[in-house]
Amino acid sequence: MTTVQERSPMPQEREPNPAHSDPDRPIGYGRIQRKEDPRFIRGKGRYIDDIVLPGMLHGAILRSPMAHARLVSIDTTEALAHPKVHAVITGKDLEGLNLAWAPTLSADVQAVLATDKVRFQGQEVAFVVAEDRYSARDALELIDVEYEELPVVIDARRALDPGTAVIRDDKDGQTDNHIFDWEAGDKAETDAVFARADVVVSEEVIYPRVHPAPMETCGAVADYDPIDGKLTLYETTQAPHAHRTLYAMVAGIPEHKIRVIAGDIGGGFGNKVGIYPGYICAVVGSIVTGKPVKWVEDRSENLMSTSFARDYLMKGEVAATTDGKILAVRTHVLADHGAFNATAQPTKYPAGFFSIFTGSYDLEAAYCSVTGVYTNKAPGGVAYACSFRVTEAVYLVERMIDVLARKLEMDPAELRLKNFIKPEQFPYKNKTGWEYDSGDYEPAMRMCMEQIGYDDLRREQAEKRARGELMGIGVSFFTETVGAGPRKHMDIVGLGMNDGAEVRVHPTGKAVVRISVQTQGQGHETTFAQIVGEELGIPTDDIEVVHGDTDQTPFGLGTYGSRSTPVSGAAVALAARKVREKAKAIAAAMLETRPEDLEWEKGRFFVKGDPSAAKTIAEIALGAHGTVALPEGIDGNLDAEVTYDPPNLTFPFGAYICVVDVDPGTGKVKVRRFVAVDDCGTRINPMIVEGQIHGGLADGVGMALMEFIGFDEQGNCLGGSFMDYLIPTAMEVPDWETGYTVTPSPHHPIGAKGIGESATVGSPPAVVNAVVDALAPFGITHMDMPCTPARVWEAMQGRPTPPV
Amino acid sequence: MHVTMTVNGTEVTRNVEPRLLLVHFLRETLGLTGTHWGCDTSNCGTCVVLVDGEPVKSCTALAAMTAGHEVRTVEGMADGGTLDPVQQGFMEAHGLQCGFCTPGMMLTARALLDREPDPDEATIREAISGQICRCTGYATIVRSIQWAAAHPAAAPSEQEVTA
Ligand code: FES
Ligand code: FES
């Protein structure tokens, strides 16, 4: 393991990669500028709303103003009479096509356009297709809908009360709002440990509903060609292949006649994993009108109707000895899934990977149970860089460790250090069945403490406290489980969670890499070129990465859950290695020697003991496609394909410390400093890695202090615009300080673990722990997010309220 | 109604609906899709363009109100093949990920540097505080703008085309 401390160097200080002979044509890993940037900085990205097709029409959705109501009638006469309107589609029309309901990613169904009832505010009721975007919205006003109000279920804690309105009366046999019960770990064993523990702490911990809110909202442009029966669908999707398969299953259009194109995506964070009613409506609109139809939602539609995140009500409990040995953790979770169970997660994991709530600690026992319920809120649930609910798990355990530290009067950093899984225990099997691949936690924690000056900060805090000033230091240490996943355990709607990659080296030695995952800003065009370059010695500039078009790329499940590098990155590396093996055989033929007599150095094979007898990859590529007499079993190209089935998940980790100052008069929290030490195994492009971390840290500050999708008693969404749903600006976040350690994954071809969501997962508890630490003088042991000034002020008055 | 304005140095006249927003005029009427759109409430700033050199949220202005003014969009930042140092800085310091907020951020940065060639970090943060980036966490945007401040002469474009 290497340990490196860095305070993000200014770009001009960057070190040249020693492997690069020509510094202007870098090869392989290292900090290089991104290949995608030249188009973005010129405004030449091609996002969904930039797509204009000849004769294209515009769609708009009429949404329910009510959270729960019976649909009595819809009158579209006036809208249809609008001179610029081409079609108005309702649930009834879709029923005729068998498309009124669509399967969700969690074995439920979801209304595309309401037929019987509306079940959340903002639900889709009708779709207008018109000549331009303004007319389509004008026509929405002309649709007359009559609703009959029904009792609303908003508080998940009330959802299962007897006599509560049944939201999903469309489902046969559904007589209440219960969706599922799920558990992990050994209950009896855990209860026994709790019964004999010296100390038990417990706390109700809420992870409120938040929203990924990428800067680009969701949208689609559907172009159905009635003559050849082909549907071309431009979409904001993180998973183009999975979408294509699902459209084939749902709409009955044969899969080979569907082409899904995801161009540039203006941020996803899980918001763009699912298939939304608007996409299906655009397809139907195109079929009905015979013209391309664009639908792009506005911001309030995005916040009110598309995939939310979290909404977990958790009871956390920790058992320990008086000297601070943590023995067991136990939790029950009430999971609010909204009106349809539409979370995107592996089939066998209805609570995602929440059972990683054992954290980074060596425990004797652990048990969790999760109950999922329906409420009159938007569906969704696995989004916002959550790594399949690892976010909720890490928040719970890291909050609870601090509660324990307070109870034991121990320093929270020391308590963590005392209980870490030791390096020699890896691969470590935890009490809920995960096998952590590798880890070395203590150096990361110590580096973080040293970098922030932990002991000095504690001294400063003590002095400030004596003066009545409120300063808090928050620690968190996370272990993620990402890179889903092994197909024997993990599928989404029956599709194994594997990804394909194809590497082709053309006759002149330039390569094209085709991948199944979809960038939303993560820099795939650069990272994947670097992986291939590292394996084949081809300069990054000479490698083109093709993605986001199902007609041009191999099948795979897409980008979410930090799976691009762990799964697709492995596929790409292995495909490149296959190419290298093939190149070796061809080089041997060209050099008239045996493959085993050749040695590889980045970019060429040479005869052992005679480095002048060599063939570069470019020469071999030309030979492969040329007239070289090929060895038996080798065909005339330099291509390879791999579909990667990961043997296990990967387990990135990190240590985060946050310092806050709280204004005692207003309750306003200021994040003064934030140090993040991450270990994601091998770092392919450190600049991109660091960028991913920075973004996630801002998410964490946002969730901890500002972001919240609330509802009133009538089910009105109170977070439906950027006036109400507050996202950090440059003023609310500090200049991030980062460091890293490198503990490669032993089972991954290049040792990379994935980084996309680490900081979003790890940072909220650091911030909240800091706020609670600052409020210690008031006797506060816990307060729920978001720690807005008003709520912090309430907490200071001794009455922290749960967010509702 | 007929609206005439100067966009990226060229005078344009178009017949538009009086209610047409400037952002839609630029994106749809003129096809300049580098200016983005991200909210309904003038909060996100992905739509920022320069009107007479000042950052303006183009979702908050009507095309008609802009008649007679000079508009500069991201497409007008590079001078021929030569990038604006701000553009170069965003590539150097990883000031962008998905790129959606980037045109607005860069134009605000340009206006700031025109006014104040060597701003400190707090000034930069305040200048971009009306705009949201969901990807970068802002530190690299600040560093990008600092890079541009430190390299006022525009760089030749060949250098970055290969990037
Ligand atoms: S589009 Fe959000 S401020 Fe203009
Ligand atoms: S780069 Fe994606 S929103 Fe700023």
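## Basis of the values

The model is predicted, with local features requiring pLDDT of at least 70 and side-chain atom pairs pLDDT 80 or more, whereas totals for chains, interfaces and linings use all residues. Residues are numbered from 1 along each chain as its sequence is written, chains are lettered from A in the order in which they are written, and side-chain values use heavy atoms, without hydrogens and water.

## Interface of chain A and chain B

Chain A gives 65 residues and chain B 53 residues to the contact (heavy atoms within 4.5 Å). The buried area is about 5000 Å², with 55% from carbon and sulfur atoms; the term denotes the accessible area (1.4 Å probe) that two parts lose on being put together, summed over both. On the side of chain A, the residues that lose the most area to chain B are Ile41(A), Tyr134(A) and Met215(A), together 17% of what that side buries.

Between the two chains there are 29 residue pairs in polar contact, both residues at pLDDT 80 or more. A polar contact is a pair of N or O atoms within 3.5 Å; within protein, one must be able to donate a hydrogen and the other to accept it, and residues adjacent in sequence count only if both atoms are side-chain atoms. Helix 1 (37–40), helix 4 (133–140), helix 8 (299–305) and helix 16 (686–705) of chain A each give two or more residues to the side that touches chain B (helices are DSSP runs of H or I, at least four residues; strands are runs of E, at least two; both are numbered from the N terminus). The largest share, 9 residues, comes from helix 16 of chain A.

## Salt bridges between the chains

The count between chain A and chain B is 8 salt bridges (a side-chain nitrogen of Lys or Arg within 4 Å of a carboxyl oxygen of Asp or Glu). In one of these, Asp138(A) pairs with Arg19(B), with the closest N and O atoms 2.7 Å apart.

Glu28(B) and Arg133(A) form a salt bridge at 2.4 Å between the closest N and O atoms. Glu28(B) belongs to helix 1 (residues 22–29) of chain B and Arg133(A) to helix 4 of chain A, so this pair joins two chains. Arg133(A) is buried at 11% relative accessible area, while Glu28(B) is partly exposed at 39% (buried is under 20%, exposed over 50%, partly exposed in between; 1.4 Å probe, protein chains only).

## Salt bridges within chain A

Over all chains, the structure holds 71 salt bridges. Arg119(A) and Asp170(A) pair at 3.3 Å, linking loops 51 residues apart. Arg119(A) is buried at 0% relative accessibility, and Asp170(A) is partly exposed at 25%. Both belong to a network of salt bridges that also includes Arg70(A), Asp108(A) and Lys171(A).
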